[in-house]
Amino acid sequence: MAILLDHQLREYIPHDTTKFPITYFHDELVALPDRAGPLHWHPDFEIASAECGVLDYQVGEQHITLEAGDSIFVNGNMLHGIKQISGTTPDPMPNIVFSGALIAAETSTVFQKYIQPIAVCDLLPFIVFRHNEPSHSEVNSLIKDIYKQMSEKNVGYELRVQRNINRIFEFIFLGFDKLPKSNATRIQINSQIRLQKMLNYIYENYAEAVTLEDIAGAAGISRSEAGRCFHAYMDCSPVDALIQYRLQMARQLLSERTQTLQEISYTCGFNSVNYFSRQFKKKYGYTPGQSSNMGK
């Protein structure tokens with residue numbers, strides 16, 4: 001299943017929070033351009049694993065390298081993205097997104113005592129469980145079993161999944177003081193919020209004429225500060241991010257084959273078909289006109 005975002009960069013998670021609030025994903029990288037997922041966020045926790053390739057998992061401004069067998073726990077509401085940086089085929093990258101309510105109701109003592117302190121800790125944006133770290137072997141085994149249970153869904157799988165996640169949170173809670181903490185400052189947290197606002201503006205207005213002033217204004221900051229935020233998180237300028245998103249939307253429309261090249265160009269905010277074609281080829285290595293013949 002492809003990563004689906006709403007207009008606030010929140011990933012659409014199709015689980016029913018009133019029933020069994022966890023969703024299992026796999027093979028997402030197959031459908032993503034360049035095997036890279038967009039920066040996004042959701043209020044739920046996330047656990048993801050590298051199976052055969054090497055992944056660059058970005059959480060906030062930090063980039064974490066995951067080798068085959070490594071897993072990462074990402075706290076809720078953290079801006080994050082993924083890119084495969086080695087391997088000849090797309091990594092399956094199994095992952096789960098789940099609510100803390102899977103363990104206990106938010107009003108319960110269990111949730112307030114054991115889940116909430118982790119969820120609200122700005123200094124714990126993520127935890128990495130390495131495949132070659134003996135103290136992480138039990139957690140990695142629990143994570144693998146969760147993927148297996150969520151995939152097969154045999155009788156009683158919900159009980160086993162819930163039990164495994166309980167044990168993972170027990171590991172995190174009991175070892176909380178020893179876990180490496182982020183040096184995130186209030187300035188960095190504010191930068192993430194600003195970036196979310198600016199990306200939100202791009203996602204909502206990419207089809208229109210958008211200027212650097214417009215993007216910066218969405219976060220109420222100067223053009224230079226907007227540039228700093230984008231370079232810190234995305235290693236590009238705000239305008240480059242706008243162009244890249246337009247190209248992603250154009251590529252999606254090209255795959256649907258329902259509009260002409262000129263219609264797609266204008267629909268995605270490009271006023272010139274020639275400029276659109278040059279940018280598209282620069283990004284993907286082939287022209288928009290060639291895409292239908294290349295199975296892209």
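A pocket is an open set of grid points, on a 1 Å grid over the protein atoms alone, with protein on both sides within 12 Å along at least five of seven lines, and its lining residues have an atom within 4 Å of a point. With that in hand, welcome to this predicted model.

**The second largest pocket**

Let us start with the second largest pocket, whose volume is about 560 Å³. Its lining consists of 30 residues, and G76, N77, M78, D122 and Q192 are the ones that lie nearest the centre. Which helices each supply at least two residues of this lining? They are α1, covering 109-119, and α4, covering 186-205. Helix α4 gives the largest share, with five residues. Sorted by class, the lining of this pocket holds 14 nonpolar residues, 12 polar ones and four charged ones.

| Pair | Residues | Angle | Axis distance |
|---|---|---|---|
| α2 and α3 | 137-152 and 157-174 | about 155° | 9 Å |
| α7 and α9 | 238-256 and 273-284 | roughly 90° | within 10 Å |

How are α2 and α3 oriented relative to each other? Angles over 145 degrees count as roughly antiparallel, and the angle here is about 155°, so α2 and α3 are roughly antiparallel to each other. The crossing in which α2 passes α3 is left-handed. On the α2 side, the contact is made by E138, V139, L142, I143, D145, I146, Q149 and M150. Their partners in α3 are Y157, R160, V161, N164, I165, R167, I168 and F171. Together, the residues of this contact between α2 and α3 comprise 10 nonpolar, two polar and four charged.

The other pair has another arrangement to look at. Angles from 65 to 115 degrees count as roughly perpendicular, and the axes of α7 and α9 cross at roughly 90°, so these two helices are roughly perpendicular to each other. From α7, the residues I243, Q244, L247, Q248, A250, R251 and L254 take part in the contact. They meet Y275, F276, Q279, F280, K283 and Y284 of α9. In this contact of α7 with α9, eight residues are nonpolar, three are polar and two are charged.

Note on methods: Residues numbered from 1 in each chain as written. Predicted model: local features only at pLDDT ≥ 70, side-chain atom pairs only at ≥ 80, totals over all residues. Heavy atoms only, no water. 1 Å grid on protein atoms, 1.4 Å probe; cavity = no way out; pocket = protein on both sides within 12 Å on 5 of 7 lines; lining within 4 Å. Points joined across faces, edges and corners; volume = space filled by probe spheres on them. Helix = DSSP H or I, 4+ residues; strand = E, 2+ residues; numbered from the N terminus. Nonpolar A, V, L, I, M, F, W, Y, C, P; charged D, E, K, R; others polar. Axes fitted to C-alpha atoms, helices over the stretch in contact; angles between N-to-C directions. Parallel < 35°, antiparallel > 145°, perpendicular 65-115°, else oblique. Left-handed = near helix turned anticlockwise from the far one by under 90°. Contact = heavy atoms within 4.5 Å.
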